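Trainee: I would like to learn how to read a structure that is new to me, taking one feature at a time. Could we look at it together?

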Amino acid sequence: MKKFAFAAIGGALAGAVVTTQFVVPVVAQENTDQKSTYEYLDLFGDIFERVRSSYVEDVSDKELIEAAISGMLTSLDPHSSYLPPQDFDDMQVQTKGEFGGLGIEVTMENGFVKVVSPIDDTPAAEAGLESGDYITHLNGESVLGMNLTDAVDQMRGPVGSEVKITVVREGVDDPFEVSLVRDTIKIRASRARLEGDVVVLRVTTFNEQTYPQMEEGIREQVEKAGGLENVSGFVLDLRNNPGGLLNQAVAVSDAFLDKGEIVSTRGRDPQNGDRYNATEGDLTGGKPLVVLINGGSASASEIVAGALQDHRRAILIGAKSFGKGSVQTIMALQGEGAIRLTTARYYTPSGRSIQALGIEPDILVEERTMPTQEEEQPPAGRSEADLRGSLASALTDEEREQFEAERARVEATAKLRQQDLQLAYALDVLKGLSVIRPEQ
């Protein structure tokens with residue numbers, strides 16, 4: 001049976017008998033449990049037959065059985081579900097990084113569809129959907145009463161077709177409608193760029209392409225900077241990353257660690273737990289590292305953030321993460337799709353379970369819009385250079401070039417604050433670290 005271990009959402013977890021006198025009661029209890037199970041199965045069969053024969057419309061046996069399976073799994077937790085053959089095929093395609101849809105990772109909460117995070121460069125992101133939004137209606141139909149699979153099915157459709165969703169957002173008084181055009185979602189799992197002498201790594205999801213793309217991005221940007229000695233630090237941006245494959249979360253964590261545990265998983269049976277450890281080799285040469293997280297960082301993102309935080313390898317900046325600390329295993333069925341079943345909880349190296357708690361950043365920097373209008377900025381103060389008759393600076397050409405380069409960096413960071421306060425804060429922290437630890 002083929003299995004895929006996941007640490008993702010979408011966005012849907014004795015003792016021995018010592019004395020003879022206890023043997024008979026234990027066996028009797030087991031027989032009672034078995035009898036009760038068979039009675040419930042008889043009850044299911046009775047209801048199945050009554051629905052087949054008496055429901056107002058004809059319903060196929062296949063539809064009834066699939067609905068029963070789906071109901072059983074979705075009643076366990078928000079992430080366990082039944083995947084019919086077509087959905088199973090779609091899921092396998094998604095892990096390879098290309099699929100059709102809106103580009104939105106969702107879960108179910110209080111009967112409504114909750115946005116975990118939109119994926120970069122997709123219809124959902126371009127329409128302005130945000131982590132924490134609630135979707136209450138799809139094409140005018142209420143999602144109350146739907147399970148997550150049904151809701152996701154309604155959001156899927158032919159590329160180029162339109163779907164209208166009604167959104168409730170915290171801080172906005174009234175629900176509002178958003179029209180989205182379905183598209184083929186081609187995910188670039190990791191991108192890299194230089195901000196001054198800092199390499200910024202943006203990881204949007206954890207699929208089969210994540211680690212290879214991130215490794216390539218690090219190599220290219222280090223070469224562009226003229227070598228690792230010219231790089232002051234790295235920023236790993238995991239904001240609005242809903243998670244994905246567990247093995248990719250381990251690989252990304254390992255890229256910044258030389259040794260130690262990355263994550264452990266523990267299921268119902270303690271004997272079935274797994275532990276994942278780092279191998280020697282840090283792709284960044286131990287350079288200072290900042291990790292950005294927010295409320296849309298979930299599951300695999302939290303594994304990476306938790307591992308790097310526990311090993312004191314990185315400073316976490318941003319807002320508390322989503323708090324999904326469970327692992328789903330995809331179990332293929334014989335020619336009839338698969339089930340996604342929560343099989344374990346995962347724990348950070350220090351033994352933390354972040355299920356429903358999330359990862360707290362080391363430095364809390366909430367996302368907010370900074371003032372951009374001239375009149376909203378405080379007036380600039382006067383300096384020595386503004387005074388009449390002040391002495392001119394005595395700088396060599398080399399010193400003047402360094403001064404101009406530093407001023408350009410500071411101005412670029414100030415401009416970035418208008419667009420992305422958290423990233424600008426990360427760059428400031430790395431600059432501070434390079435000042436107090438110039439050897440790195």
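Trainee: How many bridges join strand β19 to β20, and in which sense do the two strands run?

Mentor: Strands of a sheet pair through backbone hydrogen bonds, either parallel or antiparallel. In this predicted model, strand β19 (residues 326-332) and β20 run antiparallel and are joined by seven bridges, and within β20 it is Arg345 that Ser326 stands opposite. The hairpin made by β19 and β20 has five residues between the strands, and Gly335 there takes a positive phi near 70°.

Trainee: Which strand pairs with β2, and over how many bridges?

Mentor: The partner is strand β20 (residues 338-347), which pairs with β2 in the antiparallel sense over three bridges, and Tyr82 has Ile339 in β20 as its bridge partner. Strand β15 (residues 261-266) also runs antiparallel to β20, joined to that strand by three bridges, with Ser264 and Tyr347 as bridge partners.

Trainee: Is Ser81 buried or exposed?

Mentor: Buried means under 20% relative accessible area, and Ser81 is therefore buried because its relative accessible area is 6%. Ser81 lies in strand β2 (residues 81-83), and, leaving aside residues up to four places away in sequence, Ser81 touches Leu73, Thr149, Ile339 and Arg340.

Trainee: In what order do the six strands of the open sheet lie?

Mentor: The order is β11-β12-β13-β17-β18-β21, and the pairing in this open sheet is mixed. Its edge strands are β11 (190-195) and β21 (363-364), each of which pairs on one side only. As an example of a pair inside the sheet, strand β12 (residues 198-203) and strand β13 (residues 233-237) run parallel and are joined by five bridges, and Arg202 stands opposite Asp237 in β13. Helix α10 (residues 421-436) packs on the sheet, where it touches β11, β12, β13, β17 (289-293), β18 (315-318) and β21, and the direction of α10 makes about 165° with that of β17.

Trainee: How should I read two helices that pack together, and what is the angle between α6 and α7?

Mentor: Helix α6 (residues 210-225) and α7 pack at an angle of about 20°, with their axes 9 Å apart. Angles under 35 degrees count as roughly parallel, so α6 and α7 are roughly parallel to each other. From α6, the residues Thr210, Tyr211, Pro212 and Met214 meet Gln248, Ala251 and Val252 in α7, and by class this contact has five nonpolar, two polar and no charged residues.

Trainee: How many residues of α7 are buried?

Mentor: Helix α7 (residues 246-254) is mostly covered, with seven of its nine residues buried, among them Leu246, Val250 and Asp254.

Trainee: And for the protein chain as a whole, how many helices and strands are there?

Mentor: The protein chain has ten helices and 21 strands. Of its 440 residues, 40% are buried, and the chain exposes about 24,200 Å², of which carbon and sulfur atoms supply 51%.

Terms used:
Residues are numbered from 1 along each chain as its sequence is written. This is a predicted model: local features need pLDDT of at least 70, side-chain atom pairs count only at pLDDT 80 or more; totals for chains, interfaces and linings use all residues. Side-chain values use heavy atoms; hydrogens and water are left out. Helices (H or I, at least four residues) and strands (E, at least two) are DSSP runs, numbered from the N terminus. Buried means under 20% relative accessible area, exposed over 50%, partly exposed in between (1.4 Å probe, protein chains only). Accessible areas come from the Shrake-Rupley method with a 1.4 Å probe; for residues, only the protein chains shown count as cover. Contact means heavy atoms within 4.5 Å. Two strands pair if DSSP finds at least two bridges between them. Axes are lines fitted to C-alpha atoms, for helices over the stretch in contact, and angles run from 0 to 180 degrees between N-to-C directions. Angles under 35 degrees count as roughly parallel, over 145 as roughly antiparallel, 65 to 115 as roughly perpendicular and the rest as oblique. Ala, Val, Leu, Ile, Met, Phe, Trp, Tyr, Cys and Pro count as nonpolar, Asp, Glu, Lys and Arg as charged, and the others, Gly among them, as polar.
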